[in-house]
Amino acid sequence: MNSIWTIARKELSDSLRNRWLIAIALVFATLAVGIAWFGAAASGQVGYASTPATIASLASLGIFLIPLIALLLAYDAIVGEEEGGTLLLLMTYPLSRGQLLFGKFLGHGLTLALATLIGFGVAGVAIALLVEDVAVGALTVAMLRFIISTTLLGWSFIALAYVVSVRVSEKPIAAGLALAIWFFFVLVFDLLLLGTLVASQGEFNPELLPWLLLLNPTDIYRLLNIVTFSDSTQLSGVLSLGSDLPIGPSGLWLALILWFVIPLAGAWALFRGRRI
Amino acid sequence: MSCFRLENVSYRYDRALVLNGVDLRLEPGEILGLFGHNGAGKTTSIKLILGLMTPSQGKVSVLGGEAGDPKISQYIGYLPENVMFYPQLTGREILAHFARLKGASLRQVPELLGQVGLDDAMDARVKTYSKGMRQRLGLAQALLGKPRLLMLDEPTVGLDPIATADLYRLLRTLRDDGTGVVLCSHVLPGVEPYIDRAAILTDGSLKAAGDLASLRRQANMPTTLSIEPENTVAALEAVVNNAPASAGLMMHQANGRLRVDVRPAEKMELVKALVASGEVRDLGIYEPTLEDVYVHFIGSGGLAHRGGAQ
């Protein structure tokens, strides 16, 4: 455990040193405050609309931003150590490959969790203090749910980045593959699903289709943050399938947790087989 | 308990046999020089001892246990060739990071940095370090936690002669405290006085191992006598030709001196005859150096191999 924490603490202090943590937190806070006050500007209204609307807007933005930030934070975790010449040395220390990987995950995961908590937390506090007659209780619950699910979404993409990082031998390749992962889950996956839906004209097993949403962590995240707050009649695109899912929020939470546990375990297995 | 023991160890990578039936051991309180050209199997041997790879055949035991066991790696210090560190951290931060990983006391950090001469630079970022400074930081890293087995891959690269002499002195102190030291190198001049034994690897096989005297005997290489004549070189040549074992001796003149290559067994006899003749004003005796022995053992392909050895 000590070795894991030693690795994690270095990652954390690295993100403080290079100001990643503070920069991400700042971006989150700015976006959250901006969306809270100006999110409804399109409908000709400036000012706080409602908590569900704010969270839904934040989540829509989050699915683009969070995976990208997580992938950028983590793609060079192992391949960067190898290219920097430190992996070999680390592996001669009383440190297993699993401890190195989990230490990295703890460090990167905490960085992202802290940035999310600080960034969106500050925004939440600002809303609670500045908006008149906002229901603080409901806002707190909604914000906490949003912060936790955002963190979990980030963790799943950190773990996915590790799968790439333990597999390739050059940083630019890792960066390219990380971008491909982002592209696939954030942009392509839903289009594919939508395409399947349209092309099959209802022929496709209607009971199976909603489950396919669970194959994409960003869809789970949107279901958690949008479906639970909004009237499901407002849902558009593939998310409307979510209302047919026979699992409740706890199932979605579990799915999101599995989305970082399984890739992390996979990265570990791949890392154990890697030649150093 | 040996520091390490390789028993009939082979290592195969894809189809190539990188290491072929190597037997080698290191005892506590001993400095072993592991020599060979690039690709001879030095780094592979070290990686096997560190437990980074497992042998295709044979047995590797380290400090009485299995290579790669975390309980044992705690007692191993390793300086890789071309050691690299996190450029954005300071020397002190890096050493503290590695000390934590090794479970060594953080009090050792400034001590070791002082010992390798980085007192003034310990709070500077490593990206500002010269190659020699990085090497010294690498050495401090290898010394964390009082290792019982210390393995240094090309430790003198980037060090000036004074720092090199300091390093060798330090290694002697460690050896006297019972640490087993492996010096892995293809740069030989200067290392000779500091090692107890040498092992010469070529193309994955151990060509020779032992102390320098026994390597010289195995190589049966001639000793060179450089003689300044009292009278004339011709008179000296006559003395050498009349000596009992003169057959096959190589002689040549240079700078008014006569140089004679003599086999080790016949050296003293010839020296006695020369001194008795009264024709010698001055005499120098040059034993084959470690470098000569090395070239002898790596064979005629040596020059080609040694191309990458500078």
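This is a predicted model: local features need pLDDT of at least 70, side-chain atom pairs count only at pLDDT 80 or more; totals for chains, interfaces and linings use all residues.

Reader: Fine. In S14(B), what is the bridge partner of B:Ser226?

Author: The partner of B:Ser226 in S14(B) is B:Gly284. That bridge belongs to the contact between S11(B) and strand S14 (residues 280–286) of chain B, where the two strands run antiparallel and are joined by six bridges. Along these strands, B:Glu228 stands opposite B:Asp282 in S14(B).

Reader: And how many bridges does S11(B) make with S13(B)?

Author: S11(B) and strand S13 (residues 257–262) of chain B pair over five bridges, again in the antiparallel sense. Within that pairing, B:Thr223 has B:Val262 in S13(B) as its bridge partner.

Reader: What is the strand order in the sheet, then?

Author: The order is S12-S13-S11-S14 in chain B, an open sheet of four strands with antiparallel pairing. Strand S12 (250–254) and S14 of chain B are at the edges and have a single partner strand each, so one side of each has no neighbour in the sheet. Direction ignored, neighbouring strands of this sheet are turned by 20° against each other on average.

Reader: Is S11(B) itself buried or exposed?

Author: Of the seven residues of strand S11 (residues 223–229) of chain B, six are buried, so the strand is largely enclosed by the rest of the structure.

Reader: Which strands make up the open sheet with S1 in chain B?

Author: That sheet has four strands in the order S2-S1-S4-S5 (chain B), with antiparallel pairing. Its edge strands are strand S2 (16–26) and strand S5 (65–66) of chain B, each of which pairs on one side only. Strand S4 (residues 57–62) of chain B pairs with S5(B) in the antiparallel sense over two bridges, and B:Ser61 has B:Glu66 in S5(B) as its bridge partner. Helix H1 (residues 42–50) of chain B packs on the sheet, where it touches strand S1 (4–13), S2 and S4 of chain B, and its direction makes about 115° with that of S1(B).

Reader: Before we leave chain B, how many helices and strands does it have?

Author: Chain B has eleven helices and 14 strands. Of its 310 residues, 50% count as buried, and the C-alpha atoms fill a box of roughly 70 × 45 × 35 Å along the principal axes. Among the contacts in chain B with a separation of 6 or more, 69% are between residues 24 or more positions apart.

Reader: Over to chain A. At what angle do H3(A) and H8(A) pack?

Author: Helix H3 (residues 51–74) of chain A and helix H8 (residues 171–200) of chain A pack at an angle of about 160°, and their axes are 10 Å apart. That angle makes H3(A) roughly antiparallel to H8(A), and the crossing of the two helices is right-handed.

Reader: Which residues meet there?

Author: From H3(A) there are A:Ile63, A:Phe64, A:Pro67, A:Leu68 and A:Leu71, which meet A:Ala178, A:Leu179, A:Ile181, A:Trp182, A:Val186 and A:Leu187 in H8(A). The residues of this contact divide into eleven nonpolar, no polar and no charged.

Reader: One last thing: is A:Glu11 buried or exposed?

Author: A:Glu11, which lies in helix H1 (residues 2–17) of chain A, is buried because its relative accessible area is 8%, and the cut-off for buried is under 20%. Leaving aside neighbours within four places in sequence, A:Glu11 is in contact with A:Glu81, A:Lys104, A:Gly107, A:His108 and A:Thr111.

Definitions and conventions: Residues are numbered from 1 along each chain as its sequence is written. Chains are lettered from A and ligands numbered from 1 in the order in which they are written. Side-chain values use heavy atoms; hydrogens and water are left out. Axes are lines fitted to C-alpha atoms, for helices over the stretch in contact, and angles run from 0 to 180 degrees between N-to-C directions. Angles under 35 degrees count as roughly parallel, over 145 as roughly antiparallel, 65 to 115 as roughly perpendicular and the rest as oblique. A crossing is left-handed if the near helix is turned anticlockwise from the far one by less than a right angle, and right-handed if clockwise. Contact means heavy atoms within 4.5 Å. Ala, Val, Leu, Ile, Met, Phe, Trp, Tyr, Cys and Pro count as nonpolar, Asp, Glu, Lys and Arg as charged, and the others, Gly among them, as polar. Buried means under 20% relative accessible area, exposed over 50%, partly exposed in between (1.4 Å probe, protein chains only). Two strands pair if DSSP finds at least two bridges between them.
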